[in-house]
Every structure is written in structure tokens, then in C-alpha cells.
Amino acid sequence: GNVEKIYFYVTLTAGGTPVDLNQTVLAIRYKNYYLQIPYNDSDAPNATNNYKPWGYLGVVSIDEGGYDNLLEKNEKYKIIINMSAVRGGYNLTSLPEVNDDITIELKPSIGAPLIINKHIPPSLTNLTYI
């Protein structure tokens, strides 16, 4: 009944300018919680060619162009939020649960944020995708 991992994909809109993920903040709102998680380069030594830790988040480059933390034309990145780690790191008492509303904002330093609003369904399994 809890959401332990959230992931979504990002790419540029047509004609959009590149977005530096190093300058991006991710905000999560659910229940009475509002968290702002900035990019964290302190885990960089654990980086591999296509995955780099982002604090409590993971960023995966899906395209063939390599990983440089700069979202450019024809690139796609997968953002992974480990809600269990977020809960422990921020001393939260609960994870998002069934019937909760959750809002995720990816805020670049320049340009409009990406806002995702979701309602968690009344039943969850290991294979539930929202």
C-alpha cells in the first residue's frame, strides 16, 4: 500500500533550449509534506557511464549520446525517485499511500517547471504503473 519508487522520463519540447540537470531542483508534495531536493554531486564517484546518483534520486541517460547531465535535443533521461530513501533521509513518518495525491515538480534554473500531478489508486501491487 506504499509507493517506494517513482520514475518518469524527461525530454526537451520542440525548439526548447538545453537544460542543465546540475542546476535543477525536484520538489515533491504529498500529504502534509513539501520537499525540495536539489541536485547533489557529492555521490559523483559512484557514477557509471549512464547512471549518476542525484542525492535520493537517480538520473539515467536513455539516449546513445552518452551522459553529460545536460538534457539536449533528441536526448531522453529517466528520473528515479527512491521514496524509501527520501523518507529516511528527511525523517518523514510515511510514504505516499493509496488514495493520496502527489505532485512532482522538476524546476530548471531557466524556463518553466515540469509539473506532474497524480492520484494514487485505491489498490497497489508490485506492477502498478500510474
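A: In this predicted model, there are 2 aromatic pairs. One of them joins Tyr 7 and Tyr 9: the ring centres are 6.2 Å apart and the planes stand at 90 degrees, so this pair is edge-to-face. An angle over 60 degrees is what that label requires. Tyr 7 is partly exposed, with a relative accessible area of 35%. Tyr 9 is also classed as partly exposed, at 44% relative accessibility.

Each of these two rings has a lysine over it. The charged end of Lys 78 sits over the ring of Tyr 7, at 4.3 Å from the ring centre. Over the face of Tyr 9 lies Lys 76, at 5.6 Å from the centre of that ring.

Tyr 7 and Tyr 9 also contribute to a nonpolar surface patch of about 500 Å², together with Leu 127 and Tyr 129. Residues in such a patch need over 30% relative accessible area and no salt bridge; Tyr 7 at 35% and Tyr 9 at 44% are above that cut-off. Leu 127, in the segment after β10 (114-119), has a relative accessible area of 66% and is therefore exposed.

Now the charged pairs. The structure holds 2 salt bridges, and Lys 31, Glu 97 and Asp 100 are linked by salt bridges into a network. Between Lys 31 and Glu 97, the closest N and O atoms are 2.7 Å apart.

Asp 100 lies in the loop between α1 and β9 and Lys 31 in the loop between β3 and β4, so the parts tied together here are 69 residues apart in sequence.

Lys 31 is partly exposed, with a relative accessible area of 35%. Glu 97, at 31% relative accessibility, counts as partly exposed. Asp 100 has a relative accessible area of 14% and is buried, because buried means under 20%.

Definitions and conventions
Residues are numbered from 1 along each chain as its sequence is written. This is a predicted model: local features need pLDDT of at least 70, side-chain atom pairs count only at pLDDT 80 or more; totals for chains, interfaces and linings use all residues. Side-chain values use heavy atoms; hydrogens and water are left out. Patches are made of residues with over 30% relative accessible area and no salt bridge: like charges are joined within 9 Å, nonpolar side chains (Val, Leu, Ile, Met, Phe, Trp, Tyr) within 5 Å. Accessible areas come from the Shrake-Rupley method with a 1.4 Å probe; for residues, only the protein chains shown count as cover. A salt bridge is a side-chain nitrogen of Lys or Arg within 4 Å of a carboxyl oxygen of Asp or Glu. Helices (H or I, at least four residues) and strands (E, at least two) are DSSP runs, numbered from the N terminus. Buried means under 20% relative accessible area, exposed over 50%, partly exposed in between (1.4 Å probe, protein chains only). Rings of Phe, Tyr and Trp (its six-membered ring) pair if their centres lie within 6.5 Å; planes under 30 degrees apart count as stacked, over 60 as edge-to-face and the rest as tilted. A charge sits over a ring if NZ of Lys or CZ of Arg is within 6 Å of the ring centre and within 35 degrees of the ring normal.
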